[in-house]
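Let's walk through this model together, from single residues up to the whole chain. Keep the 3D view open as you read.

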Amino acid sequence: MRIAPVRFQPMAGDDVAQAVGRVAVASPLNGRIEIGGPEQFRMDEFFRDALAAWGDPREVVTDPQARYFGSVPGERTLVPGDGATLGQIRYRDWLDRTSAGK
């Protein structure tokens, strides 16, 4: 699979739910907020490691022209900006917790 070498910031579902809940009960923003996970990863490296850990034989090819939902993302297109609300659950902690339930 071809994946661009761009940064992304995955957020655990529990953290997403908390962020949505806080906004839902707060005063109207008349705007938007950005959210993201507490740590950034380079997408191609992340999925190369993840597929190997899952025993998935697919090869990740780093391709700067790889499309993401139809367009070529910039290096920081998929990460929130300064002042974003960040979750607390790190990827490794989420993975350990979800793996324990198997």
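## A tour of the model

Setting aside neighbours within four places in sequence, Leu51 is in contact with Met1, Asp56, Arg58 and Val60, where contact means heavy atoms within 4.5 Å. This is a predicted model, in which local features need pLDDT of at least 70, side-chain atom pairs count only at pLDDT 80 or more, and totals for chains, interfaces and linings use all residues. Residues are numbered from 1 along each chain as its sequence is written, and side-chain values use heavy atoms, with hydrogens and water left out.

**The overall fold**

The protein chain holds three helices and six strands. Helices (H or I, at least four residues) and strands (E, at least two) are DSSP runs, numbered from the N terminus. Along the sequence they follow the pattern β-β-α-β-β-α-β-β-α. The C-alpha atoms fill a box of roughly 50 × 35 × 20 Å along the principal axes. Among contacts in the protein chain with a separation of 6 or more, 82% are between residues 24 or more positions apart. Of the 102 residues, 26% count as buried; that term means under 20% relative accessible area, with exposed over 50% and partly exposed in between (1.4 Å probe, protein chains only).

**The core**

Which residues make up the largest nonpolar core? There are twelve: Ile3, Ala4, Val6, Phe8, Phe41, Met43, Phe46, Leu51, Val60, Ala66, Tyr91 and Leu95. Helix H2 (43-53) and H3 are the elements that give two or more residues to this core, and H2 supplies the largest share, three residues. A nonpolar core is a set of buried Ala, Val, Leu, Ile, Met, Phe, Trp, Tyr and Cys residues joined through side-chain atoms within 4.5 Å.

**The largest pocket**

Rolling a probe the size of a water molecule over the atoms shows where empty space is left. Here the largest pocket has a volume of about 450 Å³. Of the 21 residues lining this pocket, Phe46, Ala50, Tyr91, Trp94 and Leu95 are the closest to its centre. H2 and H3 are the elements that give two or more residues to the lining, and H3 gives the most, with six residues. For the search, a 1 Å grid is laid over the protein atoms alone; a pocket is an open set of points with protein on both sides within 12 Å along at least five of seven lines, a cavity is a set where a 1.4 Å probe fits but cannot get out, and lining residues have an atom within 4 Å of a point. Grid points are joined across faces, edges and corners, and the volume is the space filled by probe spheres set on the points.

**Salt bridges**

The structure holds six salt bridges, each a side-chain nitrogen of Lys or Arg within 4 Å of a carboxyl oxygen of Asp or Glu.

| Asp14 | Arg97 | 3.2 Å |

Arg58, at 49%, counts as partly exposed, and Asp56 is partly exposed at 22%.

The bridge between Asp14 and Arg97 links distant parts of the chain: Asp14 sits in helix H1 (residues 13-25) and Arg97 in helix H3 (residues 91-100), 83 residues apart. Asp14 is partly exposed, with a relative accessible area of 46%, and Arg97 is partly exposed at 47%.

**Two residues in one loop**

Asp63 lies in the loop between strand E5 (61-62) and strand E6 (85-86). Is Asp63 buried or exposed? Asp63 counts as buried because its relative accessible area is 16%. Its side chain reaches the backbone nitrogen of Gln65 at 2.9 Å. Beyond neighbours within four places in sequence, Asp63 is in contact with Arg2, Ile3, Ala4 and Pro5.

Pro80 also lies in the loop between E5 and E6 and is buried, with a relative accessible area of 11%. Not counting residues up to four places away in sequence, Pro80 touches Gln9, Glu34, Ile35, Gly36 and Leu86. Pro80 and Gly37 are 43 residues apart in sequence and 9.2 Å apart in space, C-alpha to C-alpha.

Notes. A polar contact is a pair of N or O atoms within 3.5 Å; within protein, one must be able to donate a hydrogen and the other to accept it, and residues adjacent in sequence count only if both atoms are side-chain atoms.
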